[in-house]
Amino acid sequence: MAARPNPLQWLRYAFGGRLPEQLHDWVRHDLTDADWRWREVLRVCVQLAVPVVVFAVLPLQADIKGFAIALMVLGALFTAGAYGDELRDRRLRQHNLLPPPPPR
């Protein structure tokens, strides 16, 4: 198994940062393995943590907070699902890796 990123590196990667070249095998595995879509959803959830916490502590009515948070979460998850292939290909190219060929 390829070297894995440490927790700080993974967090940077989850927010769109590049990993060092020695971790590119791990990146390839992360973005092309059979369950890569679930890991993409996990990364989106990590990215959502910051705005959700900010909205949760704002002095707003509970229903407004709830609807705003639901809109953020649903929008982000929809985008991850609808554009997952494109987002994955961009991340692979970001690490100088070739995306897999499109299905026939």
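## Exercises on helix packing

Helix H1 (residues 7–14) packs against helix H3 (residues 36–57) at an angle of about 90°, their axes 9 Å apart. Helices here are DSSP runs of H or I with at least four residues, numbered from the N terminus, and axes are lines fitted to C-alpha atoms over the stretch in contact, with angles from 0 to 180 degrees between N-to-C directions. This is a predicted model: local features need pLDDT of at least 70, side-chain atom pairs count only at pLDDT 80 or more, and totals for chains, interfaces and linings use all residues. Residues are numbered from 1 along each chain as its sequence is written, and side-chain values use heavy atoms, leaving out hydrogens and water.

**Exercise 1.** Work out how H1 and H3 are oriented to each other, and which residues meet.

*Solution.* Start with the angle of about 90°. Angles of 65 to 115 degrees count as roughly perpendicular, so H1 and H3 are roughly perpendicular to each other. Next, look for contacts (heavy atoms within 4.5 Å): Trp10, Leu11, Tyr13 and Ala14 in H1 meet Leu42, Arg43, Val46 and Gln47 in H3.

**Exercise 2.** Place Gly16 in the fold and find its contacts beyond four places in sequence.

*Solution.* First, locate Gly16 in the loop between H1 and helix H2 (24–32). Then set aside neighbours within four places in sequence: Gly16 touches Arg91 and Gln94. Finally, compare Arg4: it lies 12 residues from Gly16 along the chain, and their C-alpha atoms are 17 Å apart.

**Exercise 3.** Describe the overall make-up of the protein.

*Solution.* Count the elements: there are five helices and zero strands. Then take the box along the principal axes, which for the C-alpha atoms is roughly 50 × 35 × 20 Å.

Key: Helices (H or I, at least four residues) and strands (E, at least two) are DSSP runs, numbered from the N terminus. Angles under 35 degrees count as roughly parallel, over 145 as roughly antiparallel, 65 to 115 as roughly perpendicular and the rest as oblique.
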